[in-house]
Number of protein chains: 2
Amino acid sequence: MAKMLPKSVRRLIEELSRLPGIGPKSAQRLAIYLLHQPASRLKDLGEAVLGLKEGIVFCETCWNIAESNPCAVCVDEARDCRTICVVEEVLDVVALEKTRDFNGVYHVLHGVLSPIDGVGPDQLKIDALFERVRGGVDEVILATNPSLEGEATALYIQKELKGMDVRITRIARGLPVGGDLEYADEVTLSRAIKGRGEF
Amino acid sequence: MAKMLPKSVRRLIEELSRLPGIGPKSAQRLAIYLLHQPASRLKDLGEAVLGLKEGIVFCETCWNIAESNPCAVCVDEARDCRTICVVEEVLDVVALEKTRDFNGVYHVLHGVLSPIDGVGPDQLKIDALFERVRGGVDEVILATNPSLEGEATALYIQKELKGMDVRITRIARGLPVGGDLEYADEVTLSRAIKGRGEF
């Protein structure tokens, strides 16, 4: 930390560099950039940070963040509440909603199983999912990331749900649209072959 | 902007994505990250933003940001106030101070000449520099960036100072230490050859 800079600037640099993906140099640059902005701009940003949690609740059905409990998706009668799409994080819901191709409801786990980081089923909203399935559900779509932890989490849920009367599916893994077969990694390509569908 | 997210989250995403180097995706990720932090952490960051300009003044000698006017560097009697190092921005002072190799004083221009962006000498602290030189100075080190605008600004100042009784120098341009001659661009290499010194 540069001792040359005034205390208030150093303080902001310190806070900014604690954010993920922002190193000390970026934090410095951001702080100096903000210093050159009008006071109203600082007020907007500062108050947006301070007010972030205002009016936010967890929907106790799908565990997404929302302005009401249950959330707008869960109370929407136009949506098929017997099809649950299980995702890791809040932003995954945002990404899936953008496709406009899913008309069911969601279940946000808030993480993935990761024994190394001490994350077991109890740290996630997994029991809440089983509860929902027990209440009567047609299909559970496992849409965790196609990463090691995401696959392990999907596998764990699939095993636990096996005895119940519910269809369990996994989002397709294959070549990303616009991707190049030549540059795809082996595992993705292998998935794309195995998961091939009728033309 | 994802309509799915609560209003306070959307508001923060909007503010964050206005920052330089932070795109909409990074802003989303940062906002969700902050949402998972304790309230005290949000308070620290928010107040650091709101309080950024508190207690900050410009030193009316060197035009660096400081907690007092004149700043700690300008009033320091151990420093050679007859050697002025001219830099573009506040962070350049921080970088130079880290070297511990400069014992003179600074002059922050707060930008570079850039006709395209409508930045002329009047938008920079250039007149203030000439004033200082007229007051009696031994050496002016032009330490603007070795970019097109930085060079043009250095050239402009050098021309304006020519008539005055002051030594004008330019920071050396050449191979960065640890750099690789093979990968250096032609202009840098050409500068390194032209600026060679006795071994």
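Helices here are DSSP runs of H or I with at least four residues, numbered from the N terminus. In this predicted model, helix α5(B) gives the most to the lining of the largest pocket, with 7 residues.

**Relation of the two chains**

Two copies of a chain are related by a rotation about an axis and a shift along it. The contact surface is the same in both copies, as 100% of the contact residues of chain A recur in chain B.

**Empty space**

Rolling a probe the size of a water molecule over the atoms shows where empty space is left.

| Space | Volume | Lining residues by class |
|---|---|---|
| Largest pocket | about 600 Å³ | 11 nonpolar, 6 polar, 10 charged |
| Second largest pocket | about 460 Å³ | 11 nonpolar, 4 polar, 5 charged |
| Largest cavity | about 90 Å³ | 14 nonpolar, no polar, no charged |

The largest pocket has a volume of about 600 Å³. Its lining comprises 27 residues, and A143(B), T144(B), N145(B), P146(B) and I171(B) are the closest to its centre. Both chains take part through elements that give two or more residues: α2 (24-35) from chain A, and α5 (90-99) and α8 (186-194) from chain B.

The second largest pocket holds about 460 Å³ of space. It is lined by 20 residues, and those closest to its centre are P146(A), I171(A), A172(A), R173(A) and G174(A). The elements giving two or more residues to this lining are α5 (90-99) and α8 (186-194), both of chain A.

The count of cavities of 30 Å³ or more comes to 1. The largest cavity is lined by 14 residues, and L16(A), L19(A), L45(A), L16(B) and L19(B) lie nearest its centre. Two or more residues each come from α2 and α3 (39-50) of chain A and from α2 (24-35) and α3 (39-50) of chain B. By class, the lining of the largest cavity has 14 nonpolar residues, with no polar and no charged ones.

How values were computed:
Residues numbered from 1 in each chain as written. Chains lettered and ligands numbered in written order. Predicted model: local features only at pLDDT ≥ 70, side-chain atom pairs only at ≥ 80, totals over all residues. Heavy atoms only, no water. 1 Å grid on protein atoms, 1.4 Å probe; cavity = no way out; pocket = protein on both sides within 12 Å on 5 of 7 lines; lining within 4 Å. Points joined across faces, edges and corners; volume = space filled by probe spheres on them. Nonpolar A, V, L, I, M, F, W, Y, C, P; charged D, E, K, R; others polar. Contact = heavy atoms within 4.5 Å.
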